[in-house]
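Hi everyone, thanks for coming.

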Amino acid sequence: MNKVFDPIVDRQQAKLAAGHKVPLLRIVRRPTISQRKAWLIRGVAFVSALLTGALMIALLGHNPFVVYADMLVGALGTKTSLIETVKNTIPLLVAALSVALSFKMQFWNIGAEGQILAGGIAASYFALFWFDAVPSWLLLCIMMVAAALAGALWGGVPAFFKAKWNTNETLFTLMLNYVALGLVKYLQAGPWKKPGGFPKIAMFDQAARLPKLFGVHIGWIIAIAAVIFVAIYLTRSKHGYETTVVGQSANTAKYSGMSVTRVIIRTMVVAGALAGLVGFMQVAGADYTLNESTAGGVGFTAITVAWLAQLQPVAMVAVAAFIAILQKGANRIHTTFNIPATASEVLIGIILFFMLGCEFFINYRLILRKKGGQA
């Protein structure tokens, strides 16, 4: 029988022969893996997540099957719950599209929260002070454009510093989240404070609220349009191609004549604009006001959505809906079974941990050293 050549094992045997000590456990990147095997790994991870979650539920004194069934009912069982799940899916989806654009070029944007708040602030200004000056449809258009521009500015600033002086975009975008949040707090307690009572901003006039279609604000139409736009942008446009090339190798992009500086700034401006639209939809379609929880962690959860979907816009629709179902279902079991809110969040975390963790085993494999140095 002919010996099957394995370069990793071959190198390991060479090290052993040369007297080098081979590690007990090594992590090696997989060269290729079939789609069937990749989805098998994801399936095993999902089942493992459910089983681990079931163990936690059982330890809390509840029947896991009943609790899981109630989660589905709470998220999809009634028209009201379904509408709420869709409302939760919309901001997650659009924010994930924003994050995916930046991640596609290896720009680690952790600032979607701040970009969402920036968009919410810009939209709120016109909602509060222009509601009786222009027709409702025009007001909403102005709010949407203002939110996109504010988000684009919030995303473009760290991109400019990154492109010009190679600053750390992770820290820069993260710090801008706190700047945006501080600005919201200032507006709540200062110039935009509702007269009397606690520091809060007044509810928007009806003219500044998004109309509903099929029981959900029309932000879902904007979300679908955003998915189509990003999918075409990344796969069918020159700008999207340049974004991908810069992400793979900035040096290659420079060698081929691309302006890496322009690509970084342009992509982050587009990404920030999408996040700004989330802020607009949150204040005009969900909350009808601006507050500290307008972003509500959506920008951070969107990172999980983007990674689970492998930065694929269409796949993000399913992943965002899945996470929204988990969140809505967790709220349901908190009420129905009196399961602590923290335990519900842990349950969501367990499921997402397994789903994200399985990607490691899709991209890498573990090599265990056996007796005698064999792999």
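Quick housekeeping. This is a predicted model, with local features needing pLDDT of at least 70 and side-chain atom pairs counting only at pLDDT 80 or more, while totals for chains, interfaces and linings use all residues. Residues are numbered from 1 along each chain as its sequence is written, and side-chain values use heavy atoms, with hydrogens and water left out.

When I say helix, I mean a DSSP run of H or I with at least four residues, numbered from the N terminus. Okay, start with helix H2, residues 35–59, and helix H3, residues 64–76: their axes come within 9 Å and cross at roughly 110°. That makes H2 roughly perpendicular to H3, a label for angles of 65 to 115 degrees. The axes are lines fitted to C-alpha atoms over the stretch in contact, and angles run from 0 to 180 degrees between N-to-C directions.

Who makes that contact? From H2 you've got Ala49, Leu50, Gly53, Ala54, Ile57 and Ala58, and from H3 there's Pro64, Val67 and Tyr68. Contact here means heavy atoms within 4.5 Å. Sorted by type, the residues of this contact come out as 8 nonpolar, 1 polar and no charged. Nonpolar covers Ala, Val, Leu, Ile, Met, Phe, Trp, Tyr, Cys and Pro; charged covers Asp, Glu, Lys and Arg; the others, Gly among them, are polar.

Next pair: helix H8 (residues 219–236) packs with helix H13 (residues 313–336) at about 145°, axes 8 Å apart. H8 brings Val227, Val230, Ala231 and Leu234, and H13 brings Pro313, Val314 and Val317. This contact is 7 nonpolar, no polar and no charged.

Now look at helix H12, residues 298–308. How many of its residues are buried? It's 8 of 11, where buried means under 20% relative accessible area (1.4 Å probe, protein chains only). Those buried residues pack against helix H4 (79–104), helix H5 (112–129), H13 and helix H14 (341–363).

On to the core. A nonpolar core is a set of buried Ala, Val, Leu, Ile, Met, Phe, Trp, Tyr and Cys residues joined through side-chain atoms within 4.5 Å. The largest one has 106 residues, and Leu101, Met143, Leu274, Phe280, Val305 and Met316 have the most contacts inside it. Its largest share, 15 residues, comes from helix H11, residues 260–286. Leaving out residues up to four places away in sequence, Leu274 touches Val94, Leu97, Ser98, Leu101, Ala226 and Val230. There's also a second, separate core of 5 residues, including Ala38, Ile41, Ala45 and Ile362.

A couple of individuals. Thr85 sits in H4 and counts as buried because its relative accessibility is 4%. Skipping residues up to four places away in sequence, Thr85 touches Ala75, Ala324, Ile325 and Lys328. Ile121, over in H5, is buried at 11%.

Last stop, the loops. Most residues other than glycine have a negative phi. Tyr288 isn't a glycine, yet its phi is positive, about 60°; you'll find Tyr288 in the loop between H11 and H12. Leu311 also has a positive phi, near 60°, and lies in the loop between H12 and H13. Tyr288 is buried at 16% relative accessibility, and Leu311 is buried at 10%.

That's my tour, thanks!

Conventions. Helices (H or I, at least four residues) and strands (E, at least two) are DSSP runs, numbered from the N terminus. Angles under 35 degrees count as roughly parallel, over 145 as roughly antiparallel, 65 to 115 as roughly perpendicular and the rest as oblique. Buried means under 20% relative accessible area, exposed over 50%, partly exposed in between (1.4 Å probe, protein chains only).
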